[in-house]
Amino acid sequence: MEKFSCETHINQALDMFVAETGEFPILDKYNSEDNLSTKCSYCEEDATYIVSRK
C-alpha cells in the first residue's frame, strides 16, 4: 500500500495508513522527477511525500 501526499495532507495520510493497515508507516520524500503527474491522494496538488510499508 502506498499513499502520496502533499505538504498539507501528510498528517492525514499517515493517520489513514495506520488506521487501514495497523502498521507503522515509512515516510519518504517523493522525487517528482520519477513521475511528474503523481498527485496527492487527498487533493490535486503535486505529491511531496510517499507513505508506504517496509
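**Fold.** I counted one helix and three strands in the protein chain, taking helices (H or I, at least four residues) and strands (E, at least two) as DSSP runs numbered from the N terminus. Along the sequence I read the pattern β-α-β-β.

**Ground rules.** I am working on a predicted model, where local features need pLDDT of at least 70 and side-chain atom pairs count only at pLDDT 80 or more, while totals for chains, interfaces and linings use all residues. Residues are numbered from 1 along each chain as its sequence is written, and side-chain values use heavy atoms, with hydrogens and water left out.

**Size.** I looked up the radius of gyration, taken over C-alpha atoms, against the globule rule of 2.2 Å times the number of residues to the power 0.38. The protein chain has 10 Å, which agrees with the value near 10 Å for a compact globule of 54 residues. Its C-alpha atoms fill a box of roughly 30 × 20 × 15 Å along the principal axes.

I find 35% of the 54 residues buried; buried means under 20% relative accessible area, exposed over 50% and partly exposed in between, with a 1.4 Å probe and protein chains only. Of the contacts (heavy atoms within 4.5 Å) with a separation of 6 or more, 61% join residues 24 or more positions apart.

**Aromatics.** I found one aromatic pair. The ring centres of F4 and Y30 lie 5.2 Å apart with the planes at 75 degrees, so I log the pair as edge-to-face. For the record, rings of Phe, Tyr and Trp (its six-membered ring) pair if their centres lie within 6.5 Å; planes under 30 degrees apart are stacked, over 60 edge-to-face and the rest tilted. F4 sits in strand β1 and Y30 in the loop between β2 (26-29) and β3 (49-52), so the pair ties together parts 26 residues apart in sequence. Both F4 and Y30 are buried.

**H9.** I located H9 in the loop between β1 (2-5) and α1 (10-21). Its relative accessibility is 18%, so H9 counts as buried. Beyond its neighbours within four places in sequence, H9 is in contact with C40, Y42 and C43.

**S52.** Which strand holds S52? I see S52 in strand β3, and at 12% relative accessibility S52 counts as buried. Leaving out residues up to four places away in sequence, S52 touches M1, E2, F17, P25 and I26.
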